[in-house]
Amino acid sequence: MSPKSIAVINFKGGVGKTTVTWSLGNIISQNTDLEVLMLDLDPQMSLTEAIGLNENTGHLDDKFGKWYEKSLKHRLTIYDALEVFKKAGQNFKFPVGFDTIYQVDEQLHFVPSVEELYWLDLDGFEGKSVKDFIRQFIGKIANSANLPKYDLMLFDCSPSFSLLTYSVLSCCDLILIPVNPDYFGSRGLSLVLNSLQKRIEPYPFPKIAVFMNKAKIYGGLLTNEVQFYMREVKRLCAEISKDNNIEVRFLESTIRESVGLKRAINEGELPRELVREFEQLWRECEEYLKK
Ligand SMILES: Nc1ncnc2c1ncn2[C@@H]1O[C@H](COP(=O)(O)OP(=O)(O)O)[C@@H](O)[C@H]1O
Ligand SMILES: [Mg+2]
């Protein structure tokens, strides 16, 4: 497979973007031979915390903490890259390497977020000038002799339509949208899909996939309520595809609501049934990407 990039988005917070990015990154890197790079583009830094924070002490874990401090001190974070890009434009020089990319595991690497990303939209970065940044940044990573050839890049996006979201959406291969089985889940989906249509250039439009996260299970089956919202979301996907002449695929894979999920992520180990569900989700995404 040629390298692929997936942006996990939804303008609603709390639907599971970070959880899904983390889980897919871990499961794919552990169970396949793919080299995976995860990128945290959310200034709220949830993915960075999931990777770098020690739950017991509430502080950054030693290995990550030392690495992160160095990356900040030498101005080698993604925000620093963006600042250089803003000044120099297309042919910007920035030494992407293992001071910008943290090695979580052999096949799983990570670009953390930084608080400065909060101010991005106010900081005199203009939409047009930032739009090409992610494309250029991942191009540099792909061409670096010191880095692995990543097969997959997973972007954890912020819940607002930030400049970085705009930048990643205009160059990714797949937009992956988790929704939850409730009324606001389907409302939120219409909002995301309709605004994507307006905001993303250039064409061709990336592929879009929607799936259900936090699906309640009873007696081994999806509850009636979940099934109702599945039909509703599926119908919406078909309707929006038709009205806007884009392909929005509804994925059949569901991720169950699992009380222990947060702790499991902090401990770095997912329950078996969740691993199976995320593997299935990945297979569906992979198949769609190949098409
Ligand atoms: N499948 C799930 N089952 C149970 N809890 C979940 C599930 N997915 C996400 N959560 C929980 O929901 C909350 C929000 O998830 P998060 O991934 O941070 O959402 P987002 O990144 O969209 O804001 C977290 O507490 C997370 O542990
Ligand atoms: Mg998040």
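A pocket, as the word is used here, is an open set of grid points where a 1.4 Å probe fits, with protein on both sides within 12 Å along at least five of seven lines. In this predicted model, the largest pocket holds about 660 Å³ of space. Its lining consists of 26 residues, and those nearest its centre are Thr 18, Thr 19, Ser 46, Lys 262 and Ile 265.

Strands of a sheet pair through backbone hydrogen bonds, and the pairing may be parallel or antiparallel. Here an open sheet is built from eight strands in the order E3-E4-E2-E5-E1-E6-E7-E10, and its pairing is mixed. Strand E3 (102–103) and strand E10 (248–256) form the edges, each pairing on one side only. A helix lies against this sheet: H11 (residues 272–290) packs on it and touches strand E1 (4–8), strand E5 (152–156), strand E6 (174–179), strand E7 (207–215) and E10. The direction of H11 makes about 170° with that of E10.

Now turn to E1. Which strands does E1 pair with in the parallel sense? One is E5, which runs parallel to E1 and is joined to it by five bridges. In E5, Asp 156 is the bridge partner of Val 8. The other is E6, which pairs with E1 in the parallel sense over three bridges, and there Ile 6 stands opposite Leu 174.

In a regular strand, side chains alternate between the two faces of the sheet. In E1, Lys 4, Ile 6 and Val 8 lie on one side, while Ser 5 and Ala 7 lie on the other. Both faces of E1 are covered, and these residues are all buried. In other words, five of the five residues of E1 are buried.

The cysteines come next. A disulfide is a covalent bond between the sulfur atoms of two cysteines. How many disulfides does a search of the whole structure find? The search finds zero. Two cysteines show why. The cut-off for a disulfide is a pair of cysteine sulfur atoms within 2.5 Å. The closest cysteine sulfur to that of Cys 172 is in Cys 171, and it is 6.4 Å away, too far for a bond. For Cys 237, the closest cysteine sulfur is in Cys 285, at 13 Å, which is also too far for a bond. Cys 172 is buried, with a relative accessible area of 7%, and Cys 237 counts as buried at 1% relative accessibility.

Last, consider the backbone angle phi. Most residues other than glycine have a negative phi. Arg 75 is not a glycine, yet its phi is positive, about 55°. Arg 75 sits in the loop between helix H3 (62–73) and helix H4 (78–88). With a relative accessible area of 47%, Arg 75 is partly exposed. Lys 214, a residue other than glycine, also has a positive phi, near 65°. Where is Lys 214 placed? Lys 214 belongs to strand E7, and its relative accessible area of 31% makes it partly exposed.

Technical notes. Residues numbered from 1 in each chain as written. Chains lettered and ligands numbered in written order. Predicted model: local features only at pLDDT ≥ 70, side-chain atom pairs only at ≥ 80, totals over all residues. Heavy atoms only, no water. Pairing = 2+ DSSP bridges. Helix = DSSP H or I, 4+ residues; strand = E, 2+ residues; numbered from the N terminus. Contact = heavy atoms within 4.5 Å. Axes fitted to C-alpha atoms, helices over the stretch in contact; angles between N-to-C directions. Buried < 20%, exposed > 50% of the residue type's maximum accessible area, 1.4 Å probe, protein only. 1 Å grid on protein atoms, 1.4 Å probe; cavity = no way out; pocket = protein on both sides within 12 Å on 5 of 7 lines; lining within 4 Å. Points joined across faces, edges and corners; volume = space filled by probe spheres on them.
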